[in-house]
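Notes go down in the order I looked things up.

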Amino acid sequence: MQILKYILKRILQSIPLLIIVSLISFFIIRLSPVDPLAELRLNPSVSQETLQKETERLGLDKPIIVQYGKWAKSFIKGDLGITSNGEKVSTKLKERIPNTLLLTSIVILLTWLTGVPLGIAAALNWKMPFDRILTVLTSIGMAIPSFFFAVLLLIFAVKTGWFPIGGLTSSDFLEKSLFGQVLDITHHLVLPVTVLYTLSLAGLQRQMRANMLDVLDSDYVKFARAKGLSEFEIIYKHALRNAVNPMITLLGFEFAGLLSGAALTEYVFQYPGLGRLILEAVMRSDINLVMASLMMGAIMLILGNLIADILLIITDPRIRRSNV
Amino acid sequence: MFREVMRKLWQDKFARISLIVLGVIYFALFFADFLAPYTKDFSDRTMAYVPPSKIFIIDENYHLSRPYTYNYVRDFDSENLKIIYNLDRSQKHYIKLFGKGLPYKFLGIIPMKRHLITTDEDGRLFLLGADINGRDVFSRILFGGRISMTIGFLALFVLFPIGLLYGGISGYFGGVVDVVMMRFAEAVMSIPSFYLLIILASILPSGMTSAQRFMLIVIILALIGWAGFARVVRGMVLSVKNQEFVQAARSIGASRLRIIVKHILPQTTSFVIVAMTLSVPSYILSESGLSFLGLGIQQPDASWGNMLKEAQEYTNIIYRPWLLTPGFLIFIAVLAFNVIGDTIRDVLDPKSRGV
């Protein structure tokens, strides 16, 4: 019950945050010297009527504060306007957001499944060859520019023909069986996941290593040793639980970093995600689409942090007592 | 403190190698005009996409010779339907040290014509091949590096004062000021940074001079990172603001701004140094990403990121792998900065344990 109350409080706290985010984004975009309807005007398939409706919806003839008010009102109603191709922004987003979430959640899952054990292993072998080799490898992983790595992998894909070049599905996707479809998507995901995984593994592994080293140095671990507990019990029962907790806070940050990293990776791999959508929108100065995807990015980020906080409460009883 | 840091850097094997690598890179960039065989904008359209020049030291009679090179001629292979480059073996072009080449201003002041290595006027010495416009990739890497390797530092020098002051004021004043300022910073942090970066870059008006564009990119890069930094500074300010030396300053009537700038912020020095060295690489990466997308530094100016723009077409790059060189340089520079940053952090903040 108390946990629910805390969650509710956190959700309410993120509302003013979202309002400020929308204000910032709105003013940045409107301050640009671009005519928001320029593309629509040039598009012959968009009727005069639609144009009129958009002008009115955006309140372009009114001062900027009124424009913001109008935008906010229709945003809450779920009306995000139309893209410069005349499609609905909301349909476009519904198409792209799941793809980005799929990509990032696979990456987060993989980094956690490998990064945490590798961090523990490095801490237990502190300053030994295993630890040193891992440090060198993670340094290399952190230094490769994501887009450059993506290009190298694409070249690899072209040369070997082992992986499809870009996209998320093959052209005959709809004719495949369900199993074949899953296999097809997995096949397409391998390269982008590799890029983002390399990008985020290093940070996670290093953080876990540091936490574990801190915890292994603490008094209660020394006490457990003195008590004569087995090394296995000390590490997996006492040390690990405390070392993992700070990592959960990192989950939110990791998600933020991934959203940003994913933009370039999606672009190189022609992956139909939110990052590439916003890039395309920016290049065409498609204002409605840019604004909506910025907001979606921010909402996803805030939700990611929220989930991390909730997880932390569940795993760490100390915070439960002090915060709720 | 500075000497201690330098000593530790020199003792660590990896850090020493990194220092030397960065030293060589910055030295080469500083003397780029002299070291590069061509100027930044020199282009020979007949030489589009030629491979790196082959340098021979043994001539056709198997005698040792002064180093020379042949020009490439473009040919069309009608059987395989592709363009091939053959060596034009009729004319040898000897390689000259300190020979006369295109005029430039050494260090921007002294007019000079001598380059470290050149060949004769009709010869083309493209050590790393040429790009689509027949420009020398090697020379452009040197000139582009000047932008790529300084932009991160400049952004930091804009960002850190802002972040320090913002965090300092927010933490010291507390109350409503603190709440409002921190909510704003959190909101900026809630926008995925790369999204914000491309949007800010895309609203830059076209038709700016390259110097203006460079400055604006620096400012945009700075606008991305200040919020997270300010938050950490605020936390540190909160922890020292009630200590005795602050109370002492307050009791002798120092102004609030003076207390923040002169007494509280100096407490954060080692954190600032560590944070700065660790964030240089991320700004180098941001700039290159932005330029890679065509939103950063624009042609005809070179930066390592925009030189990689051609790599977007992977069918193109497979036959012309030398166009990828700037990517490896970014990697090496970032790696070196990371190693140095890690070492400095270990010295100044021994409790951090490598994060």
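Below are my entries on the two chains, the contact between them and a few local spots.

**Entry 1, what kind of model.** First thing to write down: this is a predicted model.

I went through the secondary structure and got 13 helices and 0 strands for chain A. I then checked the extent of the C-alpha trace, which spans about 80 × 55 × 40 Å along the principal axes of chain A. Chain A has 324 residues, and 35% of them are buried. For contacts in chain A between residues at least 6 apart in sequence, I noted that 72% join residues at least 24 apart.

The C-alpha trace of chain B spans about 90 × 45 × 40 Å along its principal axes. Of its 355 residues, 39% count as buried. Taking contacts in chain B with a separation of 6 or more, residues 24 or more positions apart account for 67%.

How many residues of chain B are in contact with chain A? I get 38 from chain B, against 44 residues of chain A. On the chain B side, the elements giving two or more residues are helices H5 (175–190), H6 (193–202), H10 (269–292), H12 (314–319) and H13 (325–348). I sorted that side by class too: 26 nonpolar, 9 polar and 3 charged residues.

I picked H6 (residues 129–143) and H8 (residues 178–216) of chain A, whose axes come within 8 Å and cross at roughly 135°. Angles over 145 degrees would count as roughly antiparallel, so H6(A) and H8(A) are oblique to each other. Their crossing is left-handed. Which residues meet there? From H6(A) I listed Leu134(A), Thr138(A), Gly141(A) and Met142(A); from H8(A) come Thr198(A), Leu201(A), Ala202(A), Gln205(A) and Arg206(A). By class, the H6(A) to H8(A) contact has 4 nonpolar, 4 polar and 1 charged residues. The spacing along both lists made me jot down a reminder. An α-helix has 3.6 residues a turn, so residues three or four places apart point the same way.

Last stop was H8 of chain B, residues 244–251. How many of its 8 residues are buried? The count is 0, so I wrote H8(B) down as hardly covered. Just after H8(B), I also spotted Gly253(B) with a positive phi of about 85°.

Definitions and conventions:
Residues are numbered from 1 along each chain as its sequence is written. Chains are lettered from A and ligands numbered from 1 in the order in which they are written. This is a predicted model: local features need pLDDT of at least 70, side-chain atom pairs count only at pLDDT 80 or more; totals for chains, interfaces and linings use all residues. Axes are lines fitted to C-alpha atoms, for helices over the stretch in contact, and angles run from 0 to 180 degrees between N-to-C directions. Helices (H or I, at least four residues) and strands (E, at least two) are DSSP runs, numbered from the N terminus. Angles under 35 degrees count as roughly parallel, over 145 as roughly antiparallel, 65 to 115 as roughly perpendicular and the rest as oblique. A crossing is left-handed if the near helix is turned anticlockwise from the far one by less than a right angle, and right-handed if clockwise. Two residues are in contact if their C-beta atoms, placed from the backbone, lie within 7 Å. Ala, Val, Leu, Ile, Met, Phe, Trp, Tyr, Cys and Pro count as nonpolar, Asp, Glu, Lys and Arg as charged, and the others, Gly among them, as polar. A residue is buried if 20 or more other C-beta atoms lie within 10 Å of its own, exposed if 12 or fewer, and partly exposed in between; C-beta atoms are placed from the backbone.
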